[in-house]
Amino acid sequence: MATSLLLSPQPLAFSKISVANQSVAISSQRATRFVAKAMNNEEKKDDKGFTPFGFVTDNPSSRSAIQLPESPAEDGNVGQMLYRIEDKGKEYGSYVKSGKLRWFVRETGSPESRRGTVVFLHGAPTQSYSYRVVMSQMSDAGFHCFAPDWIGFGFSDKPQPGYGFDYTEKEFHEELDKLLDVLEVKSPFFLVVQGFLVGSYGLTWALKNPDKISKLAILNTPLTVSSPIPGLFQKLRIPLFGEFTSQNAVMAERFIEAGSPYVLKVEKADVYRLPYLASSGPGFALLEAARKINFRDISSQIADGFTPGRWDKPVLIAWGIADKYLPQSIAEEFQKQNPNSVKLKLIEGAGHMPQEDWPEKFISNFLSYSSKVFYRIYGNVNFR
């Protein structure tokens with residue numbers, strides 16, 4: 001046993017040297033692979049097509065919100081991104097105080113405009129920015145136009161639920177009434193409505209205030225109980241998961257593009273993204289509104305409220321047939337319920353938001369319909 005112990009150091013020392021040599025060799029191989037990989041990555045970074053977060057989305061405009069710039073110090077963080085886009089998207093707009101709340105309202109034309117007033121109401125999760133082109137051209141055609149961002153959306157106030165505003169249908173209606181008074185909108189006026197949730201509230205407001213409406217135009221909006229509910233609003237209603245979903249800064253632009261045959265240009269996507277990027281307020285406002293609404297009940301109110309005997313004002317439905325949320329059959333079903341009052345115009349090439357996808361076609365249909373209705377009522381009147 002003693003001999004064995006005395007002889008053991010030599011082979012053990014040899015083994016240590018062997019292991020050390022192997023370790024050096026392995027370390028050398030790893031270092032070589034690491035350097036080669038790093039060099040390969042540097043080559044990829046130099047490639048203009050390299051997208052560090054390309055796995056997140058294949059949507060060009062959404063990708064621009066998260067892609068690292070060539071000079072990260074310039075706009076590589078949220079603060080600098082906000083600085084770059086914070087003044088975008090406020091064309092024709094100003095802030096209007098109504099009660100305790102501040103609305104952002106776009107306005108074109110003047111009260112003296114010869115063809116009357118048009119109020120444009122957007123849907124969720126977007127904002128009045130979608131009407132900017134329509135408003136500009138409509139004012140040129142002689143209309144006085146208003147387009148507010150609903151409370152909780154766009155650039156309007158986003159009060160915390162439970163502190164003066166709870167995002168219910170009743171409260172949205174009450175605040176809209178106050179705003180119209182502050183804006184001194186004379187009744188009756190032409191109302192244009194589009195979209196989900198607050199868009200639907202625009203229609204239920206019209207049903208409760210028919211005397212204030214002269215004519216109504218409806219762009220892609222849930223109109224029947226068979227109207228599908230998009231996945232976004234279903235996700236928002238799931239506890240905890242809804243909270244995470246509401247804080248997705250690219251939520252609005254993705255929702256728009258998912259319902260359209262087109263991809264938003266980056267400068268447009270910036271504007272729809274800005275409110276959700278600037279604070280958590282818009283996301284939590286949308287979350288609260290989505291959880292307070294009963295979609296089926298509201299759609300039922302709309303379907304029943306615009307039937308003959310309940311609604312006799314002229315209605316134009318300008319429907320983007322490429323809408324991936326609401327099929328054309330929804331508009332056709334609604335029109336058949338009241339064919340004498342409701343006229344349907346299909347807009348080819350437009351999706352869920354015709355005013356954004358193809359504003360010129362909507363304007364053409366709007367002006368044509370408005371003129372026909374006016375001359376049917378008043379005859380050939382010369383405004384000059």
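Strand S7, helix H15 and strand S8 make a right-handed β-α-β unit in this predicted model. Strand S7 covers residues 315-320, and strand S8 covers residues 342-347. Helix H15 takes in residues 328-337.

Start with the two strands. S7 and S8 pair in the parallel sense. Six bridges join them. Leu316 stands opposite Lys343 in S8. Trp319 stands opposite Leu346 in S8.

Now step back to the whole sheet. Strands of a sheet pair through backbone hydrogen bonds, either parallel or antiparallel. Here eight strands form an open sheet, and the pairing is mixed. Their order is S1-S2-S4-S3-S5-S6-S7-S8. The edges are S1, residues 93-98, and S8. Each of these edge strands pairs on one side only. Neighbouring strands of the sheet are turned against each other by 25 degrees on average, direction ignored.

Helix H8, residues 198-208, is one of them. H8 touches strand S3 (117-121), strand S5 (189-193) and strand S6 (213-219). The direction of H8 makes about 150 degrees with that of S5.

H15 packs on the sheet as well. Which strands does H15 touch? They are S6, S7 and S8. The direction of H15 makes about 160 degrees with that of S8. This brings the path back to the opening unit: S7, then H15, then S8, with a right-handed sense.

Notes:
Residues are numbered from 1 along each chain as its sequence is written. This is a predicted model: local features need pLDDT of at least 70, side-chain atom pairs count only at pLDDT 80 or more; totals for chains, interfaces and linings use all residues. Side-chain values use heavy atoms; hydrogens and water are left out. Two strands pair if DSSP finds at least two bridges between them. Helices (H or I, at least four residues) and strands (E, at least two) are DSSP runs, numbered from the N terminus. A crossover is right-handed if, with the strands pointing away from the viewer, the path from the first strand over the helix to the second runs clockwise. Axes are lines fitted to C-alpha atoms, for helices over the stretch in contact, and angles run from 0 to 180 degrees between N-to-C directions. Contact means heavy atoms within 4.5 Å.
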